[in-house]
Each structure stands twice: as C-alpha cells, then as structure tokens.
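Work through the exercises below with the model open beside you, and try each task before reading its solution.

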Amino acid sequence: MKIVVLDGHTLNPGDLSWDALQGLGGCEIYERSASREVVPRLKEAEAAFTNKVVIGRGAMKELPNLRYIGVTATGFNIVDVQAAKELGITVTNVPAYGTDSVAQATFALLLELTNHAGHHAETVRAGKWSRCPDFCYSDFPLIELAGLNLGIIGYGRIGQQVGKIARAFGMRIITTQTWSEPPNKEAQVVDLGTLLRQSDVISLHCPLTPETKGLINKERLAVMKATAFLLNTSRGPLIVEDDLAEALHAGRIAGAGLDVLSVEPPVEKNPLFAAPHCFITPHQAWATRAARQRLMSVAVENLRMFQKGTPQNVVNG
C-alpha cells in the first residue's frame, strides 16, 4: 500500500517516530502541502493522512487509487466525507487523544488572567522587584478561583475534565448540558442565558456547527458579568471577534484567554491583538508530546485496522 502524509510537521516536528506507519507500506511524508500539491502528491496513493490540508470532492475524483483518508485530528471538516462515501473512500479520525492536554491549557490561560505570572516574572527580570520599596507587589488584582462559578459550554470529554480540575480549585460548575448517567450531581445544568449571567469564568468546549458559530456575540457578551473571563480552547469561530474586542476595550468583561481564532494563521490586523487583557496562544493546547504520541498511535492503528478489513473510528460509515 502506498501511503502519503500531506502535512506531517504539525503532528511530528521531529520528536516522534514514523516507523510504525512506515511498517504498513511504502510511505511518503511531506511536512506541508499547498492545495495545488494535493492531487499530484496523492496521484498513486491508496492511503492519505491529513491534519489541516483540505481534500475535497474535486481532488478525490482525480484520485482513482485512493481508498482511505486518515485525519490526524478529531475534527474532520477538512474532508468532504459525503463525497468520500460516494466514492468508496473510508475516512477516519482520532477522538479523545488531547483531553488532558487541552484541559491543562485551559487553566494555563485562566491562571495567567487571574495571577499574571508571566507578566510579573518579566517585571522581576526587568528589575522592578529590586527597585520596589516593599517586599512584594502586584501590577494587577490577584484573583482567587475558589468559590467562583465556572460556566462550561460543551460538557463532553474535555469540558468534564476542565470541570474536574476546576473542582480541585474549589470552583462551582455550571453547564448547559450533561450526558452523564446517572445525572451528574457535580454540575448545575441551566439554560444558556443563566450560565452567561451567573458565571465568573466561561469556558468554551463545544464543536463548531451552524448553531454554535458566533455563539459568543455582542448580545451575549453584554449579559456577562463585567468581572467575568472568557476562555476558548475549542474553535475560533464560536466567538465574533470584533464583538469580543469591542467588549474588552469597553471593559464590559474583564479578560479573555484564547487558543484559537477564526482564521488560522490569523491576519495581522485581527482586532483581538490590540484588545486589553486578552491572552492568545497559537492553537497549541492539543500539542503536548504525550497528546501527539497518542494521536500518532491511534492514527496508525486506524490504518492497520482498515487494512485488516475491520476499520475503526470511521466518520463516513
């Protein structure tokens, strides 16, 4: 079987091994692929792997040998799964590999908003502590998490792990949904309006769908507490960025911690870059080595199972 990896750098920048995948067939690994390179590089391929490179209907029609597409991520909107089904191409994804890493990154953002550790470390390095007339100082109010309400929108695997960590900090959990059986007694289930009004911190962990696109907009930001923080380690388009930037400039909410934006890489004039009290990381919450190793292992196993005739994690079955 000829296997082609279209954009291997994100998954494996050099600290993992491709040996297990290479053991399943002849393997060509490209660090990155432009859209114009998809068809030429997959021309003879029976199996393709992609993380963010789009494989659409038009490309698939030009690839008669292609029988399998492995998405090295959980989200699979980069592949036209309906076209793949019609053309007899199996598409798989990798669910749940990054739960712990994304939950950890969520709190990294929150703790920067509440404790400003990075900022204060830089001021110490710049000599401010040495010049301080007192034994300590803080440039911002320091906020204790215990007793605060954390509103989690999207209470799936990651949302529940975030809730678990939050409870260790002494926070109370509010959510708009729960799938736990028996009913989860550790989270109060409310409607979205109540969650927005009552939460001291709101964390987004829901998928991007037509219903959730622009979920956080001017009207919903207006009902949040002026002291509230907004976190997003899910999908950038859940937030209307112009509205969030305006709310931050006006002080209608206290701050935001984001790992995702609506366009990635972002345009240089993204309105959030100049917004106060807004911390943005480059879509890296998922990318610890441990999470990427799990992702690699499951992606390889997905192809192995397909070769055996018992495919797993199929998204277009």
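**Exercise 1.** Sort the lining of the second largest pocket by class.

*Solution.* Begin with the list: Leu113, His116, Phe140, Pro141, Ile143, Leu148, Asp200, Thr227, Phe229, Ala254, His277 and Phe279 line this pocket, where a pocket is an open set of points, on a 1 Å grid over the protein atoms alone, with protein on both sides within 12 Å along at least five of seven lines, and lining residues have an atom within 4 Å of a point. Next apply the classes, in which Ala, Val, Leu, Ile, Met, Phe, Trp, Tyr, Cys and Pro count as nonpolar, Asp, Glu, Lys and Arg as charged, and the others, Gly among them, as polar. The result is eight nonpolar, three polar and one charged residues, around a volume of about 230 Å³, taken as the space filled by probe spheres set on the points.

The model is predicted, and local features need pLDDT of at least 70, side-chain atom pairs count only at pLDDT 80 or more, while totals for chains, interfaces and linings use all residues. Residues are numbered from 1 along each chain as its sequence is written, and side-chain values use heavy atoms, with hydrogens and water left out.

**Exercise 2.** Check the span of helix 6 (residues 99-115), and find how many of its residues are buried.

*Solution.* Helices are DSSP runs of H or I with at least four residues, strands are runs of E with at least two, and both are numbered from the N terminus. The expected span is 1.5 Å times one less than the number of residues, so the 17 residues of helix 6 should span 24 Å, and the end C-alpha atoms, 24 Å apart, agree with this. Turning to burial (under 20% relative accessible area with a 1.4 Å probe, protein chains only; exposed is over 50%, partly exposed in between), 12 of the 17 residues of helix 6 are buried, including Phe107, Leu110 and Leu113. Just after the helix, His116 takes a positive phi of about 55°.

Methods
On a 1 Å grid over the protein atoms alone, a cavity is a set of points where a 1.4 Å probe fits but cannot get out, and a pocket is an open set with protein on both sides within 12 Å along at least five of seven lines; lining residues have an atom within 4 Å of a point.
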